[in-house]
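Reader: I'm new to reading structures like this one. Could you walk me through a few features, a bit of the general idea and then the case at hand?

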Amino acid sequence: MRRLTVGTAAMIVTVTAVSAPALSATAASTESITAGLPSAKFPLGVPGIPKSAVKALGAGIEYFTLKHGTPEDGYTVSLLSAGKDFMSETTAQNLAVSAQTAGFEPTVVQFTRPAIADFPAQDFWMVRIGSWTLKQKKDAAETVADLKDAGLSAKVDYLGDDGFLTSGPWQMRIVTVDPRSFRGTFASSLGASTAKREKVSAMAKAGGASIAVNGGFFDIHTSAAYRGDPTGISVVGGKLLSEAVPGRTAIVLKGKTARITELASKTTVTTNGANTPVAGVNRVPKPNELVLYTEEFGAKTPSTGGAEAVLDADGQVLAVRDAGGKVTKGRRVLHGVGTAADWVRAYASEGQVLTVKTTVSDLRRKRTMVLTPDTYIVGGGVGLVRNGRTWITASADGMANVNMILRRHPRTLVGVTKTGKLLLAVVDGRAPGTTVGASFLEAAQVMRWLGARDAINLDGGGSSAMVVKGKVVNKPSDGSERAVGDALLVRF
């Protein structure tokens, strides 16, 4: 508890962020039962056994729906500073004084963004006004309008989203695949084009998959024509279609086996005995970069003012051209910008043979992977569980912030148990009174509860989707299924 003073009004507030896993290391490293959901109490909210239903979809495959908790959270109004609802203590105090001077009754709330594996804890402050039930959202919005008239920026905030203690509720869809009896295979898909986004249901249909979930994060900050590009590694049918971010967690699929690890990739081009690094695969280049485009790119290369070498399957240069051309079937294109364009013009003359070599390294096993036609890799985004313990790597994955670590969102989660069972889970969210989603910490708790020895967080929010036999079975927070970068497929 901490006392904070605004003007002459003293306010005492206590908030608790969900910060510690509810399961012991021993419980986390074992599967509670051989089939079905664990018999242990659900790790989030009020302790209890969740309501669930199960359906067998095939040999070794079970599909669960799960509900837990009750809707007790309502709405408040959060004041904003520089567009954010969390800030320093000094900024919060000054903002609260401004709100009080304008005739409102603010409360300053201190909270701690919990520490994770690769990022320390940090204290922040919020300024909030009022409390309304689920049915009174309109009243909260009127307060936001009044604050705007007073020159203060604010938003309506659902209390179930903020990452503090909640009673829920939660709604989840879970698929478990036991390799000991499963007769199908796992795969991944980037759709018809790596450059463009596609719905999970469409990728499942085209890939002959009965079950699918959305894959990892994709680049929403690039040009609209290229936003299907995963922001991490992608391997489809043994072919690297998007480079790794070194050390980022991913799931490796081969046949009916799955494992989670950290990866790195390297692509080089050799000519006349000299090696030149290739910075990326099937993405928009940064200044002075050399990027490789494959036939799966499915769009014209970016018109960057650079130079390109068109290669056949053997690496022979068929043509050198200005940037901005097609990548036809059976061809690859080396695309250079700035100094890399100078390299293309100097070393990739027509008829020259260039050797392009790609390697993917397993950083846990400390060895190079062999990419075979049945190798598929989906880059996750954030590690959640490692060797049965909560191990969240949001900093390494570029997501170490309050919004991603602490606040609740829809989540798509993948885990693997010690027996090799694949766990696919979608936690719906952003539906006040119906389902609150999960923070990274809560997502890790859920996966440990399900028996995961290792687990990762895939893309979430409006991207979270689970497809079972051609139907989207969860409730995407956008209101309908979103086109995404890639998908994880279960074929049987």
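Reader: How do the residues lining the largest pocket divide into nonpolar, polar and charged?

Author: Keep in mind that this is a predicted model. To read a lining, you sort its residues by type, with Gly counted among the polar ones. Here the lining of the largest pocket has six nonpolar, eleven polar and seven charged residues. That lining is made up of 24 residues, and nearest the pocket's centre are Phe217, Ile220, Met399, Met404 and Asp459. The space inside comes to about 470 Å³.

Reader: And which residues are closest to the centre of the second largest pocket?

Author: This one holds about 300 Å³ of space. Its lining has 15 residues, with Asp219, Asp229, Thr231, Arg283 and Lys286 closest to the centre. Sort that lining by type and you get five nonpolar, five polar and five charged.

Reader: What does Thr249 touch, apart from its neighbours within four places in sequence?

Author: Its contacts include Ile260, Thr261 and Glu262, plus Gly379, Gly380, Gly381 and Gly383. Thr393, Asp397 and Ile456 are also in contact with Thr249.

Reader: Which side chain makes a polar contact with that of Thr249?

Author: That's Glu262: the two side chains are joined by a polar contact of 3.1 Å.

Note on methods. Residues are numbered from 1 along each chain as its sequence is written. This is a predicted model: local features need pLDDT of at least 70, side-chain atom pairs count only at pLDDT 80 or more; totals for chains, interfaces and linings use all residues. Side-chain values use heavy atoms; hydrogens and water are left out. A polar contact is a pair of N or O atoms within 3.5 Å; within protein, one must be able to donate a hydrogen and the other to accept it, and residues adjacent in sequence count only if both atoms are side-chain atoms. Contact means heavy atoms within 4.5 Å. On a 1 Å grid over the protein atoms alone, a cavity is a set of points where a 1.4 Å probe fits but cannot get out, and a pocket is an open set with protein on both sides within 12 Å along at least five of seven lines; lining residues have an atom within 4 Å of a point. Grid points are joined across faces, edges and corners, and a volume is the space filled by probe spheres set on the points.
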